[in-house]
Amino acid sequence: MSAQQRPYSRLNRRPLVNAWYPFFVLGVLGLFWVYAHYIERVDVAQVTAWLQARQLGVLAALPYVPALLSFFHWKVLRHIVAVIAGAYFAYDAAVILVKMLYDLPDRDDARQFLSRLLASGASTAAAAEVTPDSLASARHDSVLLRVGGPGRVQVPTGHVMVTELNGRFLRILPAGKHRLERYEYIHAVLDLQPQQRLVDEFAAFSRDGLELRVGLGIVYRIKMGSQIATRENPYPYDETAVRTAAYAQTVLDDKGTVSTWEDTPINLAKGTLAAILAGFRLDEIMSPERPGEEPYRTIRNELLRQLRLKLDGLGIDLQGVAIHRIDLPDGVTAQYIEYWKSHWESQMLLTLIDGEATAVEEIEVAKAEAEIMMIQAIQEGLQRARREGSTAHMEEVVALRLVEALEKMARQSQQVTPLPGSLLNQLDTLRRQLSSGEYDPRLPGKPIV
């Protein structure tokens with residue numbers, strides 16, 4: 001054995017069970033009795049005369065009886081009485097010491113505990129049933145629960161017990177009756193049945209800083225491992241998961257309040273759900289924009305995924321999660337309405353500004369297109385006049401092309417903006433006059449509009 005393993009083995013060393021110790025004590029007492037008989041030198045003849053004087057000659061005639069009775073002479077017994085008195089006071093001192101060492105309430109409890117320590121073999125006392133509630137509430141009153149064995153205990157159906165020796169894990173006891181070894185301490189009793197925890201209301205916040213009132217419930221149990229439930233074993237368990245859950249304890253305050261594995265899942269669920277809700281805006285939770293969105297289902301699935309990963313390392317199997325409510329407190333409703341109003345007003349303003357910018361842009365584009373169209377019309381008129389060789393009537397050709405371009409632009413803009421009723425008729429008349437040569441654009445008094 002290495003030097004590093006020796007301290008560990010000493011810490012986990014089981015208490016010695018000296019079954020031969022009572023025989024040793026009785027042997028020493030017998031030797032002392034013989035010594036007392038020797039130093040008092042009681043004569044066998046005196047014992048025989050004493051028996052005959054009391055008409056017990058039959059006993060005196062039996063072999064070895066007078067010699068045996070000589071050991072019970074009052075001269076010999078006075079030495080034994082002193083030993084018995086010393087043993088009584090030693091036992092009483094041991095009871096007082098046990099009472100002080102283990103802070104027991106009275107001497108009767110100390111005497112019972114000392115008797116169990118000194119007793120060898122199985123205890124005849126009835127097995128005490130230990131549940132998670134009784135373990136926490138009865139430790140102060142029960143010596144077996146506060147100090148440890150030896151003693152008999154009963155683990156109820158659907159539970160499992162974790163014990164320690166010298167402050168270290170010893171073994172796991174399933175449902176049934178068991179005998180605790182000397183100083184074997186009950187560390188925890190775990191419920192293997194599915195557990196349900198509900199939180200009606202706790203506070204959380206959305207991404208936009210608005211307070212929410214949330215309610216949720218979870219169902220969980222200790223992991224079963226590779227085992228399956230049967231009629232003979234309705235509540236299987238994984239030993240590693242049981243050991244992990246048994247030591248998942250946290251001291252909450254200065255008074256020594258302890259949070260066990262049963263409190264851990266609901267606390268983790270509250271923190272995880274609060275973190276998930278902090279990533280959503282209130283509108284996304286209360287009134288999703290796109291049809292078919294189910295924010296509750298999305299949040300619930302994400303909570304189930306994250307919480308299952310966290311509890312798996314603690315030996316706990318998460319079986320179900322339900323979000324009961326996500327509401328606004330009474331004082332936050334008006335705040336939410338104002339926020340919603342200002343949000344949508346800003347959205348409407350942005351939409352209006354964007355529409356005006358688009359309209360101005362379209363107007364500028366239309367102007368540019370009109371200018372390009374007129375330039376193209378002039379250019380086409382000039383080219384047409386040159387091709388036809390009628391440079392003398394170039395002005396009429398250019399004017400005709402311009403009027404045609406204006407008429408085309410007017411018809412296109414009529415679909416968007418209403419025009420004066422006589423504008424298209426005037427442009428049509430002007431185009432006909434230019435085409436027939438009856439119109440002279442150089443003559444005054446012939447306005448187009």
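Biologist: In this predicted model, which residues of α11 meet residues of α13?

Modeller: On the side of α11, they are Pro265, Leu268, Ala269, Thr272, Leu273, Ile276 and Leu277. Their partners in α13 are Ile299, Glu302, Leu303, Gln306, Leu307, Lys310 and Leu311. The residues of this contact comprise 10 nonpolar, two polar and two charged.

Biologist: What is the angle at which the axes of helix α11 and helix α13 cross?

Modeller: The axes of α11 (residues 264-277) and α13 (residues 295-312) cross at roughly 135 degrees and come within 10 Å.

Biologist: Where is glutamate 262 found, and what makes it buried?

Modeller: Glutamate 262 lies in the loop between β10 (258-259) and α11. Its relative accessible area is 19%, and buried means under 20%; therefore glutamate 262 is buried. Leaving aside residues up to four places away in sequence, glutamate 262 touches Asp191, Gln195, Arg197 and Tyr220.

Biologist: What is the average pLDDT of the protein, and where is pLDDT below 50?

Modeller: The average is a pLDDT of 76, and 67% of the residues score at least 70. The pLDDT is below 50 over residues 1-9, a stretch with three contacts beyond near neighbours in sequence. Residues 444-449 also stay under 50, with six contacts beyond four places in sequence. Where pLDDT is low, the predicted coordinates should not be read in detail.

Technical notes. Residues numbered from 1 in each chain as written. Predicted model: local features only at pLDDT ≥ 70, side-chain atom pairs only at ≥ 80, totals over all residues. Heavy atoms only, no water. pLDDT = per-residue confidence, 0-100. Contact = heavy atoms within 4.5 Å. Axes fitted to C-alpha atoms, helices over the stretch in contact; angles between N-to-C directions. Helix = DSSP H or I, 4+ residues; strand = E, 2+ residues; numbered from the N terminus. Nonpolar A, V, L, I, M, F, W, Y, C, P; charged D, E, K, R; others polar. Buried < 20%, exposed > 50% of the residue type's maximum accessible area, 1.4 Å probe, protein only.
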